[in-house]
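Notebook open, viewer running. I want to know how the chains are built and where they meet.

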Amino acid sequence: MKILAFAEQRNNKFKKSSFEVVRTARTIADQTDGEVIALVIGDQVQTIASELGGYGAQRVLAVQQPKLEKYSSTAYSKIIAEVLKKEQGSVVLLSATAMGKDCAPRVAVKLDAGMGSDCIVLKVEGENIIATRPVYGGKALADIKINSAVKVFTLRPNVFPAGISSGTAVRVEVVDIPLIDSDFTSLAVETIQASGKLDVAEADIIVSGGRGLKAAENFKMIEDLAGAIGGAVGASRAVVDAGWRPHSEQVGQTGKTVSPSLYVAVAISGAIQHLAGMSSSKYIVAINKDKDAPIFQTADYGIIADAFEIVPALTQEIKKLLGK
Amino acid sequence: MKLAVCINHVPDTAAKITIAADGKNIDKTGITFVLNPYDEIAVEECLRLKEKNSGEVIAISLGGDAHKETLRKALAMGVDKAVLLKDDSPRDSFSVSRALADYLKEISPDAIFFGKQSVDSDDAAVGTMVAEMLGLPSVSVAVRLEIANGTAIAEREIEGGKEKVQATLPAVITAQKGLNEPRYPSLKGIMAAKSKPIEEKVPAATQPKIEVIALRKPPSKSAGKIVGTDSSAVSELVRLLHEEAKVI
């Protein structure tokens, strides 16, 4: 299979998930005697693009111009579709990031292709790929097959291994895709970054707090623990609905579905819609004073005690371990 | 302004999901279906825009007769007109989008709203696919929206921040939690909705491009180890995370 891997960049930096996409394309190509073409879109991205060789791209293409510095769903999707047609590829892989999720549906329509979104497994089966994707907020998994000639998949970040770069640099081919003003009808005009905060959807460690914390100000101890452990702060729906935390931190069916290496649930009882969003985490720690809280049914390690007693002690202990 | 909002009828997020005997669908027995939570936000946004700029709000749902319940909820909230694209054959995001796009093309609204995703298939694709099919700009996952002088300026959620996106109308907007707080239908609204007509149309059949081979429950985790019941357990927990799980 000839696979086009879209490697997303922002501010001329790749996300880890971009490497995951290229590496996954490599894995599929290896099983199908295929080829991996990585594509980078932006302004002056040629210099960073060669890095993708280290993750298994045989060819790296850059489409660049000043107007592409900021994301445009209309322009980016046109470029991806045009490049795929030109290269006669059969699979497009993107990451299921904010950009990938926004862009992929347009790419699929342009290529008359079926789309599997937010996949957590891609398995080569003969001439096709079977994708596994969580549905109903993670309460079920669907194995799907795409029956169109071209197939588009978005991959959930943090699930597929990126591996380590082999250091192989590939010569970057700068490709010209002619664009006109009407290709930029949706255009990002400004990026408002929260002050370097780690996003729960991208974090490898998440410390989440629930209603048992009693008040918004008590999230300070969650922030402290997250800070010590190098993780992101998450929240249950109850505390988001109460206005204690922003919705961007909500984990669960109407928030973000996450699969970090470590998920620490503090004073979260474990409502079904919360469990759906985090039960695929590799390790789950639950701290709750209610021994019957459903969260203990999915936790690998539990402490049945008051969070106000445990969390500060845990923060200290972790700081000690990590020499902070 | 002519505003359209596409809504879906989905299992309540509190519902326990079990797999049907065919191994490809969910067992709907005993499940409460509701207006998709994100679509509720989309409906609310339309109502607010209408209140500000006048105009009409048309709610559209693709599905079987059961979807009328969700259309009635939208009517109760205050939409002016409800349309059921009656078809309960299996569809994927592509074929759902095709049916919606065909109808939307007929009514050509100034802005089209969706929830950012349906909490059943969680594809998060239909809104943007419809935009592409109609050749319209779009903003997905909007948490803030201003419409003025034929332009939509929206903020969408991205990793660790937000992105301000500009789109010329007509455009497609998909709503994320935080955009507004949906109203509860008033008793008067609920009563009135009962007698309002729901227009029915039959969309063209479209072959889905996605085939579900199997639907299954995720591997269930067995309850793990209770490390302790007071702060003396903390050092053991850290040891386990460091040495056994190797995650810190």
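My entries follow, going from ground rules to chains, contacts and single residues.

**Ground rules.** I am working with a predicted model, where local features need pLDDT of at least 70, side-chain atom pairs count only at pLDDT 80 or more, and totals for chains, interfaces and linings use all residues. Residues are numbered from 1 along each chain as its sequence is written, while chains are lettered from A and ligands numbered from 1 in the order in which they are written.

**Chain B, overall.** I looked up the make-up of chain B and got six helices and 13 strands. Helices here are DSSP runs of H or I with at least four residues, strands are runs of E with at least two, and numbering starts at the N terminus. The C-alpha trace of chain B spans about 65 × 45 × 40 Å along its principal axes. Of its 248 residues, 50% are buried. Buried means 20 or more other C-beta atoms within 10 Å of the residue's own, exposed means 12 or fewer, and partly exposed is in between, with C-beta atoms placed from the backbone.

**Helix α2(B).** Next I checked α2 (residues 67-77) of chain B: eight of its eleven residues are buried, so the helix is largely enclosed by the rest of the structure. Among the buried ones I noted B:His67, B:Lys73 and B:Met77. After α2(B) comes B:Gly78, with a positive phi near 135°.

**Chain A, domains.** Chain A splits into domain 1 (2-184) and domain 2 (205-322), with bounds from an automatic or database domain assignment. Their centres, taken over C-alpha atoms, are 33 Å apart. Seven residues of domain 1 are in contact with nine of domain 2; contact means C-beta atoms, placed from the backbone, within 7 Å.

**Cores.** Which residues have the most contacts inside the largest nonpolar core? I found A:Ala5, A:Leu39 and B:Val5, in a core of 137 residues. A nonpolar core is a set of buried Ala, Val, Leu, Ile, Met, Phe, Trp, Tyr and Cys residues joined through C-beta atoms within 7 Å. A second, separate core has 57 residues, including A:Trp244 and A:Leu314. Back at A:Leu39, I listed what it touches beyond four places in sequence: A:Leu4, A:Ala5, A:Phe6, A:Ala7, A:Leu61, A:Ile80 and A:Val83.

**Where the chains meet.** I count 73 residues of chain B in contact with 80 of chain A. β9(B) gives the most to chain B's side, with eight residues. By class, that side has 36 nonpolar, 17 polar and 20 charged residues. For these classes, Ala, Val, Leu, Ile, Met, Phe, Trp, Tyr, Cys and Pro count as nonpolar, Asp, Glu, Lys and Arg as charged, and the others, Gly among them, as polar.

**Strands around β9(B).** I followed β9(B) on both counts of pairing, where two strands pair if DSSP finds at least two bridges between them. Seven bridges join it, antiparallel, to β13 (residues 186-193) of chain A, and A:Ser186 is partnered with B:Ala167. Eight antiparallel bridges join β8(B) to β9(B), where B:Ala152 also has B:Ala167 as its partner. Two residues lie between the strands of that hairpin, and B:Gly160 has a positive phi near 70° there.

I traced an open sheet of four strands in the order β8(A)-β9(A)-β10(A)-β12(B), with antiparallel pairing. β8 (121-125) of chain A and β12 of chain B are at the edges with a single partner strand each, so one side of each has no neighbour in the sheet. β10 (residues 140-146) of chain A pairs with β12(B) over six bridges, and A:Ile144 stands opposite B:Val212.

**A:Thr298.** Is A:Thr298 buried or exposed? I have it as buried, because 23 other C-beta atoms are within 10 Å. Not counting residues up to four places away in sequence, A:Thr298 touches A:Gly270, A:Leu275, A:Ser279, A:Ile284 and, from the other chain, B:Lys221. The C-alpha atoms of A:Thr298 and A:Ala286 are separated by 8.7 Å, with the two residues twelve apart along the chain. Strand β18 (residues 301-304) of chain A joins β13(B) through three bridges, running parallel, and A:Tyr301 is partnered with B:Lys225.

Terms used:
Contact = placed C-beta atoms within 7 Å.
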